[in-house]
Each structure stands twice: as structure tokens, then as C-alpha cells.
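Please find below a colleague's note on the model under review.

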Amino acid sequence: MIYSHYFKKVILFTFLAINIAFIFNNDTALAQASTTFNPQAILRDALQWIDSLGSIGAIAFIALYIIATVAFLPGSILTLGAGVVFGVVWGSLYVFIGATLGATAAFLVGRYLARGWVANKIAGNQKFVAIDNGVGKAGLKIILLTRLSPVFPFNLLNYAFGITGVSLQDYFIGSLGMIPGTIMYVYIGSLAGNLARIGSETQPTNLTIQWAIRIIGFIATVAVTIYVTRIARKALEEEVSNN
């Protein structure tokens with residue numbers, strides 16, 4: 001069941017990434033975007049703008065990711081877009097930095113500025129009650145496991161941990177658990193970007209070898225991420241039940 005769940009998520013994100021990649025290569029689609037508030041369209045526009053900035057694009061991307069995380073905007077679009085704009089290695093690094101700093105900012109807002117609102121949002125959620133109980137005894141371990149195997153939407157989880165007893169240091173270090181998922185989704189974005197460039201002048205000539213390497217790497221990345229997530233989920237369940 002868990003493997004089926006994550007394969008469905010991978011397929012969904014792949015289609016989303018392909019859509020983003022084709023929009024990057026089609027200015028007309030952006031020009032026809034709706035004028036009403038549309039977070040997805042706004043983030044796609046921002047990514048295309050970042051792509052045009054050159055060397056300072058990384059700084060702008062990280063700043064945008066921080067703002068999006070605090071503002072509850074869909075970070076998945078930015079993560080996939082990072083693969084299109086920056087490639088797998090640099091895209092993963094920039095996403096991790098932006099997500100970590102954004103999550104920390106949301107944590108501090110939840111702890112000091114919006115404690116009552118966060119408490120109301122998660123009231124009655126039994127999963128979080130169990131995690132909250134475990135955090136008091138094994139804060140860093142719980143944070144790390146929830147990052148490896150999310151049981152909450154990423155943006156809400158950032159605020160929710162702010163009202164627990166976990167220390168800022170443990171929360172910050174626990175962000176390392178985001179690395180496997182980050183690499184996988186950035187890889188999906190990068191792969192979709194390469195698909196969108198097929199037939200263009202920027203597409204390399206030795207396609208067979210390069211695509212074989214990309215597909216093998218993609219399959220290996222997905223397999224490792226799902227395996228790690230499965231282990232983390234079991235460990236998290238055991239940890240919160242013991243506490």
C-alpha cells in the first residue's frame with residue numbers, strides 16, 4: 001500500500017513538472033494566464049523571472065522559497081521548477097536552503113506570533129497529539145522522522161512544531177530529513193525540463209546515452225526515497241507509540 005501511495009505521488013508530480021517545464025518554454029501560455037489570484041501561476045511567473053536573472057537567480061529563488069513557505073504557498077511548484085531552472089545538484093541545494101530557512105521562519109512565527117491560530121488549526125488531530133507527546137522526550141529524532149516521512153502538510157507542520165516543546169536547534173537540524181524528498185522532486189523537475197526541450201536547438205545530440213543515464217538515475221532516486229520513507233514511517237509510529 002505505501003509503495004502504491006508514493007508511486008501515485010511521483011506520477012502526479014511528474015505531470016505537474018512537465019506542465020511547468022512546457023510553460024517555461026512557451027511564453028504565450030504565460031501571457032494568457034488569468035488575472036485573478038492564482039498562486040500556481042504567480043509562482044510559475046516568478047520562476048521564469050528567476051531563470052532570466054543569471055547568477056543572482058539563486059538568491060532570488062531562495063528568498064522566494066522562504067516567502068512561499070511562510071505564506072502557505074505550494075512549495076511543490078518551486079521544488080519542481082528548481083529542477084528545470086538549476087538542474088538536479090544546484091536545484092536540490094537551493095531548495096533545501098530555502099525550505100530550511102522558510103520552515104524555521106514559520107516555526108518562529110508559530111511559536112511567538114500565531115500560537116493561538118496554530119493551536120486551533122491542529123486541534124483534535126490525533127496524529128499531532130501523539131507526535132507532540134513524543135517531541136518532549138526525543139525532539140530531534142521525531143523532527144527528523146517526520147521530515148523523512150511527513151504526516152502533515154509541510155507548511156502546516158512548520159507552524160505546528162512551533163507550539164511544541166522542541167528546541168529551535170533540534171528543529172533546525174531535523175530539517176536534514178527533507179533531503180531525500182527534495183532530491184527526488186527536483187530530479188522530476190529536471191527530467192521534465194529535458195523532455196520539454198526535445199527537438200529544440202538546446203537539446204544535446206547524444207540522446208540515447210544521456211536519457212538512459214537520466215532514467216536509471218531517476219528510478220534509483222525514487223526507489224531510495226520510497227525505501228527511506230517507508231523505514232522512517234515505521235520508526236515514527238514506533239517512537240510515538242512508545243512515548
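**Note on the predicted model**

1. Serine 92 is buried, its relative accessible area being 10%; here buried means under 20% relative accessible area, exposed over 50%, and partly exposed in between (1.4 Å probe, protein chains only). The residue belongs to helix 6, where helices (H or I, at least four residues) and strands (E, at least two) are DSSP runs numbered from the N terminus. A polar atom of the serine 92 side chain lies 2.6 Å from the backbone oxygen of valine 88. Beyond its neighbours within four places in sequence, serine 92 is in contact (heavy atoms within 4.5 Å) with Gly87, Thr182, Ile183 and Val186.

2. Residues are numbered from 1 along each chain as its sequence is written, and side-chain values use heavy atoms, with hydrogens and water left out.

3. The protein chain comprises 13 helices and zero strands. Of its 243 residues, 47% count as buried. Among contacts with a separation of 6 or more, 81% join residues 24 or more positions apart. The chain exposes about 12,400 Å², of which carbon and sulfur atoms supply 66%; accessible areas come from the Shrake-Rupley method with a 1.4 Å probe, and for residues only the protein chains shown count as cover.

4. A nonpolar patch on the surface, with about 990 Å² of accessible area together, includes Trp90, Ile97, Leu140, Phe172 and Ile183. Patches are made of residues with over 30% relative accessible area and no salt bridge, with like charges joined within 9 Å and nonpolar side chains (Val, Leu, Ile, Met, Phe, Trp, Tyr) within 5 Å; a salt bridge is a side-chain nitrogen of Lys or Arg within 4 Å of a carboxyl oxygen of Asp or Glu. Helix 6 gives the largest share of the patch, five residues. Isoleucine 97, which lies in helix 6, counts as partly exposed at 30% relative accessibility.

5. Phenylalanine 72 lies in the loop between helix 4 (57–70) and helix 5 (75–86). Its phi is near 65°, a positive value in a residue other than glycine. With a relative accessible area of 35%, phenylalanine 72 is partly exposed.

6. Tryptophan 117, in helix 7 (residues 115–122), is partly exposed at 41% relative accessible area. Its C-alpha atom is separated by 9.9 Å from that of alanine 160, 43 residues apart along the chain.

Notes:
Predicted model: local features only at pLDDT ≥ 70, side-chain atom pairs only at ≥ 80, totals over all residues. Polar contact = N/O pair within 3.5 Å; in protein donor to acceptor, adjacent residues only side chain to side chain.
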